[in-house]
Amino acid sequence: MAAVAKILEEKGGGVIRIDGDATVLEAVQAMVEANVGALLVTGSDENDVQGIFTERDYLRRVAVQGLGERETPVRDVMTSPVVVITPETEVEEAMALMTDRRIRHIPVVDDGGELAGMVSIGDLVRLQSEEQSFQVRYLTEYISAR
């Protein structure tokens, strides 16, 4: 099984971030613009992950509670603390963690504490599917060659 680093190699390590003092409206606009379902909330240091703001956070903490998007800071409605993985984390382990915690996005932090990227459950499923397709093709060719 492959490690999360393989996904980051393919998709890159770019992460959409937002400051905790930004409004929920700014966060939602950034998510729509980037076509993503989650933003990392960081301070002045880009590697200082303070939280994560997701579509679920918006629905559960803003929409349902009737908070104003224009006045509510992201810091007040983000999920914190954030569960993180390393680039060396195996895909199966990451999937199990995300399933257990019921999360769809997870930041990847290297051993030095530097933010290496973020992966979604979709990224993990896609890689696992590609690997299984390769294995099936390899085994089919192996069996057919006999």
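The protein chain has 6 helices and 5 strands, and the model that shows them is a predicted one. Read from the N terminus on, the elements of the protein chain follow the order α-β-α-β-β-α-α-α-β-β-α. Along the principal axes, the C-alpha atoms of the protein chain fill a box of roughly 70 × 35 × 25 Å, and of the 146 residues in the protein chain, 35% are buried.

**Nonpolar core**

- The largest nonpolar core holds 14 residues, and those that touch the most other members are Val4, Ile7, Ile85, Val91, Val108, Val119 and Leu124.
- Two or more residues of this core are given by each of the elements α1 (4-11), α5 (91-101), β4 (105-109) and α6 (121-144).
- Of these contributions, the largest share comes from α5, which gives 4 residues to this core.

**Negative surface patch**

- Asp45, Glu46, Asp48 and Glu114 form a negative surface patch.
- One of these patch residues, Asp48, is found in the loop that lies between β2 (38-42) and β3 (49-54).
- Is Asp48 to be described as buried, partly exposed or exposed, and which value of relative accessible area places it there? Asp48 has a relative accessible area of 35% and is therefore partly exposed, because that class covers the values between the buried limit of under 20% and the exposed limit of over 50%.

Terms used
Residues are numbered from 1 along each chain as its sequence is written. This is a predicted model: local features need pLDDT of at least 70, side-chain atom pairs count only at pLDDT 80 or more; totals for chains, interfaces and linings use all residues. Side-chain values use heavy atoms; hydrogens and water are left out. Patches are made of residues with over 30% relative accessible area and no salt bridge: like charges are joined within 9 Å, nonpolar side chains (Val, Leu, Ile, Met, Phe, Trp, Tyr) within 5 Å. Accessible areas come from the Shrake-Rupley method with a 1.4 Å probe; for residues, only the protein chains shown count as cover. A salt bridge is a side-chain nitrogen of Lys or Arg within 4 Å of a carboxyl oxygen of Asp or Glu. Lys and Arg count as positive and Asp and Glu as negative; His and the chain ends are not counted. The place of a charge is taken as NZ of Lys, CZ of Arg, CG of Asp or CD of Glu. Buried means under 20% relative accessible area, exposed over 50%, partly exposed in between (1.4 Å probe, protein chains only). A nonpolar core is a set of buried Ala, Val, Leu, Ile, Met, Phe, Trp, Tyr and Cys residues joined through side-chain atoms within 4.5 Å.
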